[in-house]
Amino acid sequence: MCAPDIKALTGQAEAQRQTWDVPALMLGIWQDGETLFSGGFGLRDGKSLPADGETLFQIGSCTKAFTAAAAEILAERGLLDLDAPIVQYLPEFDLMDRYAAAHVTARDLLCHRSGLPRHEYAWYGTDFTREQLVYNLRYLEPNLELRSSYQYNNLGFVAVGCLLERLTGKTWEELIRQELLEPLGMARTAMFLDEALADPNHALPFDRPVLYGASGCKAIPFHRTAVEDRANGVGAPFGPAGSIFSCVEDMLRWAAFQLGDGAAGGRQLLCRERLEEMHRPQMIVGAGSAAYPGRGTCFYGLGWQSRMYRGIKVLHHSGGIDGFTTAFYLAPSLHLAVVANVNMNTCFLAEAAACAVLDQALGVSGDSYGWYRQYNQDMFQSLRDYAAAQRGTPVSGTAPSHPEADFTGRYRAAGYNDLVISRDGEGLVLDFNGFHSSLSHFHYDIYQLEGYIGELPPGLTLQFFYDTTGAVSRLEIPLVADPGVKPICFRKV
């Protein structure tokens, strides 16, 4: 074990930022009660404004640990039993699986074992309220039994957020600020987009100009929903799963709390047992990116992942949302914390930078930057392969069974936004959750998307079907990539 060489690490971070062609990389390193480094590299706006340790960025799913901590605080006060059925607190809560609906608990949702696949496009890009998202869970098809396996699901954390609101009479945003941010001195951390944008030192989000490319960048919008209304205290509906904005310096305060005894601001926020319960493995995640040397099997606790890394236990979580990617690591035996963030969409440079710090602190050699750069490209290829597997090989010489005008209209699936097919010139176009894509004929009554829906790549196909009269009645599209999930059926209205 050795103290991190800050000069070497920061020089490497800036060089790799340029190699990866990313506007800004923020990095924080904390050890033994001391901040060893808090700063930024590159330009937070991609033009002229430098990034530093106080630059705000969106931390995405690293928000989940805050929601889990708030649940533990209420459990410690006797207001919440993490192992009691959710319906005891939210009688309106319901799932398609009747057994799961009656028995699923806050713990199940906080460690991703509800049986529900991601169903990302039931929330991403929609303007459903937080309450509507939870209500819509009853319409989303499960693919696993309750507690049978780990399966990541953002909507479970939204449901826990609603549960906390019901128990306290406060919004999730008020609860997190009062119970965690204020005692920890995280004064720069924001939970509303407009709050972050009002701060002059915030990073802008970027993506690649070519989908799944490795270089270049273009500015993209922040993820915003029409529902969010800071003036009236209404946060982003997905808030408990991923809405927090923070900076390196505040996140290191959060890290110090997680590695401490649960006390902050002169009072005990959580007893040590509750804090450790968040970190304790609850479900096996699997190998994940275990191919990187030294990474063992991954487990999920409550808002935290854990695994062995080169012989030591690490706690970690990543976060990704439009234009931002975060990596957060805690090494309890080294009393070490690392937080890294880039203002680039789906970019593993942050993960590579965090692992470079861990490798040096452990005194081992490794090429985390090179490995994760290849991993990034392999992940993009897997998405292209998914689309190719869904559509298969086209049959030549086929034509649609109806005139294309018959396919136009509004299609509806419970729990999802409506999907609209219209004509644009001579061809069909799809509008869904704010995404607009032209459609090209693949074969028979199957069409191929030329654009993309969120992280689903171009080339994805949808199929039209008919009722007994021969009229177009529905379409099916594979919006959920988890194994065993059928294409989502939208019926024409």
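This is a predicted model: local features need pLDDT of at least 70, side-chain atom pairs count only at pLDDT 80 or more; totals for chains, interfaces and linings use all residues.

**Helix 2**
- Helix 2 covers residues 64–76, which makes 13 residues.
- From first C-alpha to last, helix 2 reaches 18 Å, close to the 18 Å expected at 1.5 Å a residue.
- With 12 of its 13 residues buried, helix 2 is largely enclosed by the rest of the structure.
- Among those buried residues of helix 2 are Lys64, Phe66, Glu72, Ile73 and Leu74.

**Positive phi outside glycine**
- Asp32 isn't a glycine, yet its phi is positive, near 50 degrees.
- You'll find Asp32 in the loop between strand 1 (24–31) and strand 2 (34–43).
- Asp32 counts as exposed because its relative accessibility is 55%, and the cut-off for that is over 50%.
- Thr346 is not a glycine either, and its phi is positive at about 45 degrees.
- Thr346 sits in the loop between strand 15 (336–342) and helix 12 (349–361).
- At 22% relative accessibility, Thr346 counts as partly exposed.

**The second largest pocket**
- This pocket holds about 230 Å³ of space.
- Its lining is made up of 14 residues, and Tyr139, Glu141, Pro487, Ile488 and Cys489 lie nearest the centre.
- Sorted by type, the lining of the second largest pocket has 10 nonpolar residues, 1 polar and 3 charged.

Technical notes
Residues are numbered from 1 along each chain as its sequence is written. Side-chain values use heavy atoms; hydrogens and water are left out. On a 1 Å grid over the protein atoms alone, a cavity is a set of points where a 1.4 Å probe fits but cannot get out, and a pocket is an open set with protein on both sides within 12 Å along at least five of seven lines; lining residues have an atom within 4 Å of a point. Grid points are joined across faces, edges and corners, and a volume is the space filled by probe spheres set on the points. Ala, Val, Leu, Ile, Met, Phe, Trp, Tyr, Cys and Pro count as nonpolar, Asp, Glu, Lys and Arg as charged, and the others, Gly among them, as polar. Helices (H or I, at least four residues) and strands (E, at least two) are DSSP runs, numbered from the N terminus. The expected span of a helix is 1.5 Å times one less than its number of residues. Buried means under 20% relative accessible area, exposed over 50%, partly exposed in between (1.4 Å probe, protein chains only).
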